[in-house]
Amino acid sequence: GLRPDCRLDQGRSSLLRHPDSSATAVSPVGSQTITIEDVGETDAAAYACAVTFPQGSKTQAVSVAVLGSLTMEVLYLVPGASGTLTCIFYGYDGVVEWTKSGESAAITEGVTTDDYDTVNKRKQSTLTISTAEDADEGEYNCGITFTGVSDETDTKSTARVYLMRPCLLPIATIH
């Protein structure tokens with residue numbers, strides 16, 4: 001499971017909670033951890049870590065981003081056909097980039113990225129291969145750099161595209 005931590009050096013107690021939940025965890029001086037089992041898109045949020053001292057309190061946000069999945073982990077295409085890879089990210093807006101393994105430049109042709117959906121807290125991007133050819137075969141990466149997240153922000157998903165070639169059989173000639 002996912003484990004956002006709230007670490008304390010001083011203070012009387014800590015509180016760690018999901019912003020959309022009334023559930024809280026209180027602990028004495030030390031460290032408090034919430035373990036999120038079966039992580040889903042609704043777990044993407046800025047969690048609040050509040051520390052209470054005799055002199056007052058302090059709150060710090062712990063950001064959690066949830067990576068969606070590529071809807072097509074493996075795509076089989078015949079030469080000349082078209083196909084689409086889609087990846088979805090939950091929790092925060094960011095900059096999406098598609099790359100192909102072994103190539104340094106980002107892919108821009110055939111890429112469509114939706115605006116960040118603030119209601120569902122998701123961002124979707126698609127890569128369309130319009131006319132498959134040998135050069136399209138390989139491993140593709142869809143990555144996002146989240147904006148407004150203080151922890152590690154880069155994450156990616158990988159998909160594989162295979163080009164299916166017709167099987168040629170020898171033709172027998174009868175005399």
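**The disulfide**

Reply: In this predicted model, Cys87 and Cys142 form a disulfide, with their sulfur atoms 1.8 Å apart.

Me: Why is the pair Cys87 and Cys142 called a disulfide?

Reply: The criterion asks for cysteine sulfur atoms within 2.5 Å, and the sulfur atoms of Cys87 and Cys142 are 1.8 Å apart, so the pair qualifies as a disulfide. By this rule the count comes to one disulfide.

Me: Where in the chain do Cys87 and Cys142 lie?

Reply: Cys87 belongs to strand E9 and Cys142 to strand E13, so the pair links distant parts of the chain, 55 residues apart.

Me: What makes Cys87 and Cys142 count as buried or exposed?

Reply: Buried means under 20% relative accessible area; Cys87 has 1% and Cys142 has 0%, and therefore both count as buried.

**The salt bridges**

Me: How do you know that Lys123 and Asp93 form a salt bridge?

Reply: The cut-off is a side-chain nitrogen of Lys or Arg within 4 Å of a carboxyl oxygen of Asp or Glu. For the side chains of Lys123 and Asp93 the distance from N to O is 2.8 Å, so the pair meets the criterion.

Me: Why do Lys123 and Asp93 fall into their accessibility classes?

Reply: Lys123 has a relative accessibility of 10% and counts as buried, because the limit for that class is under 20%. Asp93, with a relative accessible area of 28%, is partly exposed, because that class lies between the 20% and 50% limits.

Me: What makes Asp134, Glu137 and Arg165 a network?

Reply: Arg165 meets Asp134 in a salt bridge of 3.2 Å, N to O, and Arg165 also forms a salt bridge with Glu137, where the closest N and O atoms are 3.3 Å apart. Both distances are within 4 Å, and the residues Asp134, Glu137 and Arg165 are thus linked in a network of salt bridges. As for accessibility, Arg165 is partly exposed at 47%, Asp134 is exposed at 52%, and Glu137 is partly exposed at 25%. The structure holds three salt bridges.

Me: Why is Asp136 said to be without a salt bridge?

Reply: The nearest side chain of opposite charge, that of Lys100, is 5.8 Å away from Asp136, whereas a salt bridge needs a distance within 4 Å, so Asp136 has no salt bridge although this residue is buried. Asp136 is placed in the loop between E12 and E13. Not counting residues up to four places away in sequence, Asp136 touches Lys100, Ile129, Thr131 and Val161.

Me: Which residues of the largest nonpolar core touch the most other members?

Reply: They are Leu77, Leu85, Phe89, Trp98 and Val161, out of 18 residues in this core. The elements giving two or more residues to this core are strand E8 (74–77), E9, E10, E12, E13 and E14, and E13 gives the most, with four residues.

Me: How many helices and strands does the chain have?

Reply: The secondary structure comes to zero helices and 14 strands, and 35% of the 175 residues of the chain count as buried.

Notes:
Residues are numbered from 1 along each chain as its sequence is written. This is a predicted model: local features need pLDDT of at least 70, side-chain atom pairs count only at pLDDT 80 or more; totals for chains, interfaces and linings use all residues. Side-chain values use heavy atoms; hydrogens and water are left out. Buried means under 20% relative accessible area, exposed over 50%, partly exposed in between (1.4 Å probe, protein chains only). A nonpolar core is a set of buried Ala, Val, Leu, Ile, Met, Phe, Trp, Tyr and Cys residues joined through side-chain atoms within 4.5 Å. Lys and Arg count as positive and Asp and Glu as negative; His and the chain ends are not counted. Contact means heavy atoms within 4.5 Å.
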